Amino acid sequence: MPTFAELGLAPDILAAIQDVGYEEPSPIQEQAIPPLLEGSDVIGQAQTGSGKTAAFGLPMLQYVDPTEHEVQGLVLTPTRELCIQVTQALRTYGSRKGVDVVAVFGGAPIRTQQAQLRAGGHVVVGTVGRVKDLISRHSLMLHSTRFVVLDEADEMLDLGFLEDVERILSLTPSSRQTALFSATMPPEIRRLADQYLYNPITIKVKTATLTVDTVEQFALEVSARDKAEALVGVLEAERPDQALVFVRTKIRCDQLFRTLRDRGMNVKAIHGDMTQGARDGVMISFKEGRLPLLIATDVASRGLDITGISHVVNFDVPVSPDVYVHRIGRTGRVGRSGRAITFYEPRQQREVAAIENHAGVKLSPWVKDARVAPTPVKAPPRRHSKPHVPANGGGPLRKLILSGGRAEGLEPSDIIHAITSATGLDGEAVRNIRVLERFAFFEVPEQEADRVVEQVNGTEVRGQPLRLELART
Ligand code: AMP
């Protein structure tokens, strides 16, 4: 598996990936990033949760010139929810480079969006209807748009947007680079690709079929901030012989490890930033059964051949159904039964549905006494059902000022780390971080701002207590 750097990504993009803590590219990223960086058009057959946003987003951001004040990249999405999610991800990935990403979607005042477009916008992420509207009002000009992405094209078709998509495409330069992502490839989408993509490279991420039928599989809906507490509750109720807890990033791995250790639990963490020696030590004590609880990232757990694990907990939803299958394959081995519990946030219902659909499994809701009383199986949400609005997705953001900056050696990752550890917020809730010489600025969802100030103030980073306040609006 190549590293992000080996895929050809530039240092400022790599630094942003390091900030969010991704350890290695997901399969769609591994396959889509190199051809996109080479300038090819790409058709990606991949579903939500596969990491497709970074697959098209990182190459797009790499080619944005932040000194040029025109719309250089356009991402069309079928829904407002996806638009918000993609915008948040692209802002994070482009934060080191200073790329301005503007979201435009229906159901929100068009004037605000017009003002944002006037003020900048190197990349615009928008729903089809609103993009069309803004074009007709001359608020959105696409003559310099070199990179266009159609995200979840099959949903656009289902919602009847295909003609509008074609109209928008015809207003962009014919020399543009185009990427089309779709979970399925109905003939209409195939035709659209034939007509609007130039010699596209098709990438399909295969999904392993689940063979692990000795594993009982559960899901538990829990908000980001309650996850650690929920894990403690699950462990108390399940009393595992040995549990492996998976998280998505190195940062979260360390964070969760510290939280559990501070509660007096016998726990260790394993992730890609540890030395081989340290990893081996943890692995040996886990294999020998001396360690009951291990927090791991996907990379670090690769090749783990352990038979005794009674439980796998997906503290973070796996990035793809394949990863799900690999993770839960750690339990239920050699004739033993195992239990796998997947935590998901309300906004991740679609990711869970994608896992259920593509890995061919059904997750039952986890309840405390599930061992005694089997619960009715919950039907997975339908793929085309309206996605849940992300918990803090569309809401306004609030800017905060932190005293301390480059002079103190502060880096964006320190800020993310400090906030997520103190508040339990997801790293992705911390947006638009700017570290200046003596100060740093960042934004969080408005409804969380007071809590962030309260809980982060006084905590220490690099030996210094943090002082945080709300920026005047
Ligand atoms: P997407 O399919 O783009 O919606 O991504 C699904 C989730 O996977 C998002 O929460 C991303 O932050 C996360 N993600 C994307 N790429 C990676 C990666 N290489 N490693 C870990 N998490 C990732």
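Predicted model: local features only at pLDDT ≥ 70, side-chain atom pairs only at ≥ 80, totals over all residues.
View 1. The ligand has 14 residues around it, and the closest are Tyr22, Gln29, Gly51, Thr53 and Arg248; a residue is taken as near if one of its heavy atoms lies within 4 Å of the molecule. On its own the ligand exposes 500 Å², and the protein buries 91% of that; accessible areas come from the Shrake-Rupley method with a 1.4 Å probe, and for residues only the protein chains shown count as cover.

**View 2. The seven-stranded sheet.** Here the strands line up as E3-E4-E2-E5-E6-E1-E7 in an open sheet with parallel pairing. Two strands pair if DSSP finds at least two bridges between them; helices (H or I, at least four residues) and strands (E, at least two) are DSSP runs, numbered from the N terminus. E3 (101-104) and E7 take the edges with a single partner strand each, so one side of each has no neighbour in the sheet. From one strand to the next, the twist averages 15°.

View 3. E3 and E4 (residues 123-127) run parallel and are joined by four bridges. Look for Val104, whose bridge partner in E4 is Gly126. Helix H5 (residues 110-119) lies across both strands, at about 155° to E3. Contact means heavy atoms within 4.5 Å; axes are lines fitted to C-alpha atoms, for helices over the stretch in contact, with angles from 0 to 180 degrees between N-to-C directions.

**View 4. Tyr198 in its loop.** Tyr198 belongs to the loop between helix H9 (187-196) and strand E7 (201-204). Buried or exposed? Tyr198 counts as exposed, because its relative accessibility is 64%; the cut-offs are under 20% for buried, over 50% for exposed and partly exposed in between (1.4 Å probe, protein chains only). Asp41 is 157 residues away from Tyr198 in sequence, yet the two C-alpha atoms are 6.1 Å apart.

**View 5. The four-stranded sheet.** This open sheet is antiparallel, in the order E16-E17-E15-E20. E16 (431-435) and E20 (467-470) are the edge strands, each with a single partner, so one side of each is left without a neighbour in the sheet. The twist averages 25° from one strand to the next. Three bridges link E16 to E17 (residues 439-445), and Arg434 stands opposite Phe441 in E17. Helix H16 (residues 412-423) lies across E15 (397-403), E16 and E17, at about 125° to E16.

**View 6. Stepping back to the chain.** The chain has 17 helices and 20 strands, and 56% of its 473 residues count as buried.

Key. Residues numbered from 1 in each chain as written. Heavy atoms only, no water.
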